[in-house]
Amino acid sequence: MSFKSLGLNNALLKAVEKQGYDTPSPIQVKAIPLILEGKDVLASAQTGTGKTAGFTLPMLQILDGTRHPKFRPIRALVLTPTRELAAQVHDNVREYGAFLNMKSTVVFGGVKAKAQIATIKQGVDVLVATPGRLLDLENQGALSLRRVEILVLDEADRMLDMGFLRDIKKIMSMMPSKRQNLLFSATFSREIKQLAAGILKNPVLVEAEPENSTAEKVTQKVYRVDKGKKTELVTKLISEGNWRQVLMFTRTKHGANKLTKKLIDSKISAAAIHGNKSQGARTKALAGFKNNDIRVLVATDIAARGLDIPLLPHVINFELPNIPEDYVHRIGRTGRAGAKGEAISLVCIEEMEYVREIEKLLKQKLETEVIEGFEPKNNDEPGKSNSKKPQRKNHTPKKRNPGENKASRSRNDSRSSRRKDNRSSRRSN
Ligand code: AMP
């Protein structure tokens, strides 16, 4: 299968060749012809599958064929949950549109609006935006969405997690109802299906991979370790393995800062990326990480969305996420576009329940090991009777007892309350 056979024009084929892509990825093979036909598409594709080119290439081709000779109103809008993803998608739009007469820009919060407004005033065909800043600019009369022909919701699941549903609905009301809609999501929850039903018209369903599957090329491992020994273990792994580029996840911003400081104290160059950092600091950290000046990037889940670091070899979950889908997103940072990668999770006893939830979602057991010198002293799960069983090398999830089901139910409850919490802090993440 070639890009040419998907119906792309020469300018786009040239751009794809310039990027060094030989063959279209599965999501590109499926989505590009449908989008070119003008269909609404509901695509299940996690980051790393080539989804951005999957919607950008046909979108640019359609826009190229419908351009008004004099005016340049915004005709395509790509909404993303985070600033990093917005910047990344916009870079791709520029790269893929390099040989077309197409103008594009990106708007997101955390930076001054003045330059963004000035660029929009000059006329842009494609606008990539995060919902909050887009609404601010629309409210100020700095832009109009009345001529939008194509709407893309990228990483729609994360937009819902971040509480953007109301903003998305508001943005919908500012656009003409006759338009092409493309919705990309890594997971297909009930909420996503509901959102899709309200936006897409007779959508064609496209799945890059089975629902919630992880990239096959990613080796996943769990290292059981006590909480207080995690920093020492991670320092050892990075130093002795001579790992040069490691993306590490913590659950909180404070945890990310603390870990970054400890790594730097151990002479491992590191930077944190999270919502409390200024946009300038985030961009600098990411650039330093990409060009190998910084060895470890410590990130929170939301800040990490949209980070596209080609050939990222190591992802470490310093702490496991309490939402199993976030684990899939995290490890999707490695093994991208066919490359091999390793995802390691440092798991203390309190997190074993999260391991079970993840295994349930993946329908796969995670290989569990103990590193010599880091044998966990605490093997008693909270709320469970003390078991003095010997440490098993491979973790086999046991059949749940009623107490465990209750625990998982209560976490599901806390999951919905976490969503509510995110609503208030969404613009800072
Ligand atoms: P995405 O899933 O859109 O974040 O893309 C993941 C990575 O794959 C990006 O670095 C793209 O540049 C790269 N990529 C996209 N399409 C292809 C392709 N057909 N062949 C090789 N790499 C690709």
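Where is the place of lysine 267, in the loop between which helix and which strand?

**View 1. Lysine 267 in its loop.** Lysine 267 sits in the loop that runs between helix 11 (253-265) and strand 10 (270-273), where helices (H or I, at least four residues) and strands (E, at least two) are DSSP runs numbered from the N terminus. This is a predicted model, in which local features need pLDDT of at least 70 and side-chain atom pairs count only at pLDDT 80 or more, while totals for chains, interfaces and linings use all residues. Residues are numbered from 1 along each chain as its sequence is written. The phi of lysine 267 is near 70 degrees, a positive value in a residue other than glycine. Most residues other than glycine have a negative phi.

**View 2. Asparagine 202 in its loop.** Asparagine 202 lies in the loop between helix 9 (190-199) and strand 7 (204-207), and its phi, near 40 degrees, is positive although the residue is not glycine.

**View 3. The surroundings of leucine 183.** Once neighbours within four places in sequence are left aside, leucine 183 is in contact (C-beta atoms, placed from the backbone, within 7 Å) with Leu42, Ala43, Leu153, Ala156, Ala196, Ile199 and Leu200.

**View 4. The contact of helix 3 with helix 4.** Helix 3 (residues 51-65) contributes Thr52, Ala53, Thr56, Leu57 and Leu60 to this contact, and helix 4 contributes Val89, Asn92, Val93 and Tyr96. The residues of the contact divide into six nonpolar, three polar and no charged, where Ala, Val, Leu, Ile, Met, Phe, Trp, Tyr, Cys and Pro count as nonpolar, Asp, Glu, Lys and Arg as charged, and the others, Gly among them, as polar.

Methods:
Two residues are in contact if their C-beta atoms, placed from the backbone, lie within 7 Å. Axes are lines fitted to C-alpha atoms, for helices over the stretch in contact, and angles run from 0 to 180 degrees between N-to-C directions.
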